[in-house]
Amino acid sequence: MKSIRPALALAVLCVMSSCATSNPFVRMAPDYTEIPESSLRAAAAEIEAAVAAGDREPVLSQHEGVVLDTPEVVQAIRGRGARAELVHDLLSKGYAYEQSAGLIAIKRSGEYKSATTSLERDRNALIVQSENENRWSLYEGVLKASNWTPRSLSAVQHIFAQERIPHLPQGAIFEREGE
């Protein structure tokens, strides 16, 4: 039994060290070389304005080199529009913040815990999870439909995050690159 523990520890160490060299969650600097940046910025600005307005059925313009008219992208925009007021409320109360990677996160603090009930925190977590799922569907859907390489994903995320900033409620917290 004692000889199994060192072998298990060695196996865990090997797995952990291999993950450190090829971690898929390590964020790379945005690569704009393979995307039509200005077209994507215009599309992202249009989408984020529609979402902020709570528009569940936005009529989107055509943007050269950017494909938006897929079922996944349209459904992600609808879902985000439907939940816009709830996300706005979380951000304006300071319970959540915008991350530089284009996602939203709960601001875990003692203040948040004392200001909310367990049921409210569960509800807020579900709002954040649903919002992030729709954002991922949007980012990956645009990437795939537009036929861009996977290394362009960080640029898509970055552009949408930047275009969301003007629509954030007064006093909302957003993470800057490198924070």
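**Close-up views of a predicted model**

View 1. Helix 2 (residues 37–52) has 16 residues, which at 1.5 Å a residue should span 22 Å, and its end C-alpha atoms are 22 Å apart, in agreement. The expected span is 1.5 Å times one less than the number of residues; helices (H or I, at least four residues) are DSSP runs numbered from the N terminus. In helix 2, S39, L40, A43, A44, I47, E48, A50 and V51 are buried, that is, under 20% relative accessible area, with exposed meaning over 50% and partly exposed in between (1.4 Å probe, protein chains only). Seen down the helix axis, the buried residues fall within an arc of 160°, so they line one face of helix 2; the arc is that of the directions from the axis to the C-beta atoms. Their cover includes helix 3 (71–93), helix 5 (118–145) and helix 6 (153–164). Just after helix 2, G54 takes a positive phi of about 75°.

This is a predicted model, in which local features need pLDDT of at least 70 and side-chain atom pairs count only at pLDDT 80 or more, while totals for chains, interfaces and linings use all residues. Residues are numbered from 1 along each chain as its sequence is written, and side-chain values use heavy atoms, with hydrogens and water left out.

**View 2. The largest nonpolar core.** A nonpolar core is a set of buried Ala, Val, Leu, Ile, Met, Phe, Trp, Tyr and Cys residues joined through side-chain atoms within 4.5 Å. The largest one has 23 residues, of which L40, L138, V142, W148 and F160 touch the most other members. Helix 2, helix 3, helix 5 and helix 6 each supply at least two residues of this core. Apart from it lies another core, of 12 residues, among them Y95, Y112, I127 and L168.

**View 3. The ring cluster of W136, Y139 and F160.** Ring pairs link W136, Y139 and F160 into a cluster. Rings of Phe, Tyr and Trp (its six-membered ring) pair if their centres lie within 6.5 Å; planes under 30 degrees apart count as stacked, over 60 as edge-to-face and the rest as tilted. The structure holds 3 aromatic pairs. The rings of W136 and Y139 have centres 6.2 Å apart and planes at 75°, so this pair is edge-to-face. W136 is partly exposed, with a relative accessible area of 29%, whereas Y139, at 0%, counts as buried. The rings of Y139 and F160 have centres 5.5 Å apart and planes at 50°, so this pair is tilted.

Note on methods. Contact = heavy atoms within 4.5 Å.
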